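Hi everyone, thanks for making time.

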Amino acid sequence: MNKSFWLDVSSNNYKIPHGSRLEGLTNKLKGYLGSTDPTLRDEVAYPILSMWIERGLYDVHKLRELIGDMKANLTDRLGENYTDTVFLRSFSILILMEIIEYDNKQEVLKRAELEWLLDDVLSYFEKERDLRGYVPDKGWAHAIAHTADLFGALAGNRHIGRKGLERIVSAIADKVSVASGHTYLAAEDERLAYAVIRALRCGLIENVFFEKWLNPFAMHHGDDWVEHLSSATGASTYVNVKGFLRSLYFQILLSNNPPADADEYASMIKETIYNMDAVYYKLP
């Protein structure tokens with residue numbers, strides 16, 4: 001099967017070609033998720049698998065097999081940085097996201113399955129070191145943005161509950177605040193913020209928790225942010241945190257579907273942003 005075969009599938013409304021079997025095609029597509037060819041990965045494997053999941057071509061047993069395969073991919077050379085292994089992990093995350101969005105509508109997975117998946121994704125997110133967005137000649141890696149999308153899907157799932165939502169938003173805060181030396185440049189802040197918005201929409205996260213969640217952003221390990229701007233790592237962390245908070249603030253204010261208590265959330269975020277940079281706001 002060459003690239004034109006798959007592009008024909010896409011152009012033919014993602015129908016399975018006559019004489020082909022879903023299982024065999026799926027196995028081929030799973031292999032393309034880690035390809036360094038952005039056409040095979042972004043335009044073939046992901047959209048075709050996504051559409052077949054959305055259309056219900058996989059029964060619950062096949063979905064569980066697919067979840068198992070994608071979860072295994074998340075640990076494949078996890079911890080490497082600036083290598084091509086990121087593509088398999090990152091695009092496996094997207095397939096998991098599509099499965100969860102399907103389950104959000106069809107309710108086919110069990111609570112324990114969702115809890116185990118959340119555990120594995122949180123572990124992956126903490127350990128992922130390749131934070132690149134767009135990779136020249138190879139296309140999008142975007143592991144952080146893709147995981148944000150999966151977190152958003154999980155936040156909308158009936159099985160996750162308050163503790164699960166708190167774990168999701170706490171993991172996002174930790175990743176944004178970590179001194180990685182990498183500056184997010186490709187809308188990762190917006191997608192992470194949107195995952196938090198989806199968690200807040202559930203109405204299960206208490207305002208007291210949210211306020212405590214916000215407080216550490218105002219300083220960097222107990223120091224004023226200005227004390228860390230002279231280092232490249234400190235400066236990139238500052239940019240990541242402030243960008244994320246601003247994205248969250250404006251999404252809450254401008255969203256067509258804001259969470260309940262949006263005004264109170266926005267007020268708390270505004271105060272945190274103020275505390276990060278109070279010296280500038282006090283200038284005459």
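Let's begin at Arg191, which is partly exposed at a relative accessible area of 27%. Here, buried means under 20% relative accessible area, exposed means over 50%, and partly exposed is in between, with a 1.4 Å probe and protein chains only. Before going further, a word on the source: this is a predicted model, where local features need pLDDT of at least 70, side-chain atom pairs count only at pLDDT 80 or more, and totals for chains, interfaces and linings use all residues. Residues are numbered from 1 along each chain as its sequence is written, and side-chain values use heavy atoms, with hydrogens and water left out.

Now, what does Arg191 meet in a salt bridge? The partner is Asp149, with 2.5 Å from N to O. Arg191 lies in helix α9 (residues 188-201) and Asp149 in helix α7 (residues 143-155), so this pair ties together parts that are 42 residues apart in sequence. A salt bridge, in this talk, is a side-chain nitrogen of Lys or Arg within 4 Å of a carboxyl oxygen of Asp or Glu. Helices are DSSP runs of H or I with at least four residues, strands are runs of E with at least two, and both are numbered from the N terminus.

By that salt-bridge rule, the count comes to 17. Let me show you another of them: Arg89 and Glu128 meet at 2.8 Å, N to O. This pair also links distant parts of the chain, with Arg89 in helix α5 (residues 86-106) and Glu128 in the loop between α6 (111-127) and β1 (134-135), 39 residues apart. Are these two buried or exposed? Arg89 counts as buried because its relative accessibility is 0%, and Glu128 counts as buried at 1%.

The expected span is 1.5 Å times one less than the number of residues. Among the buried residues of α9 are Glu188, Leu192, Val196 and Arg198. After α9 comes Gly203, with a positive phi near 75°.

Helix α3 (residues 38-54) passes the length check as well: its 17 residues should span 24 Å, and the end C-alpha atoms are 22 Å apart, which agrees. How many residues of α3 are buried? The number is 12 of the 17, so α3 is largely enclosed by the rest of the structure. The buried ones include Arg41, Tyr46, Pro47 and Trp52.

Next, a look at backbone angles. Most residues other than glycine have a negative phi. Tyr14, however, has a positive phi of about 60° although it is not a glycine; you will find Tyr14 in the loop between α1 (3-11) and α2 (22-32). Asp261 is another residue other than glycine with a positive phi, near 65°, and its place is the loop between α11 (232-254) and α12.

Asp261 leads us to the surface. Together with Glu211, Asp263, Glu264 and Glu271, Asp261 gathers in a patch of negative charge. Patches are made of residues with over 30% relative accessible area and no salt bridge, joining like charges within 9 Å and nonpolar side chains (Val, Leu, Ile, Met, Phe, Trp, Tyr) within 5 Å. Asp261 itself is partly exposed, with a relative accessible area of 43%. Which helix gives the most to the negative patch? That is α12 (residues 262-276), with 3 residues. Glu264 sits in α12 and counts as partly exposed at 39% relative accessibility.

Helix α12 also holds Tyr274, partly exposed at 35%. Tyr274, Val279, Tyr280, Tyr281 and Leu283 make a nonpolar surface patch of about 520 Å², with areas from the Shrake-Rupley method and a 1.4 Å probe, counting only the protein chains shown as cover for residues. The largest share of the nonpolar patch, 3 residues, comes from helix α13 (residues 278-281).

Definitions and conventions:
Lys, Arg positive; Asp, Glu negative; His and termini not counted. Charge placed at Lys NZ, Arg CZ, Asp CG, Glu CD.
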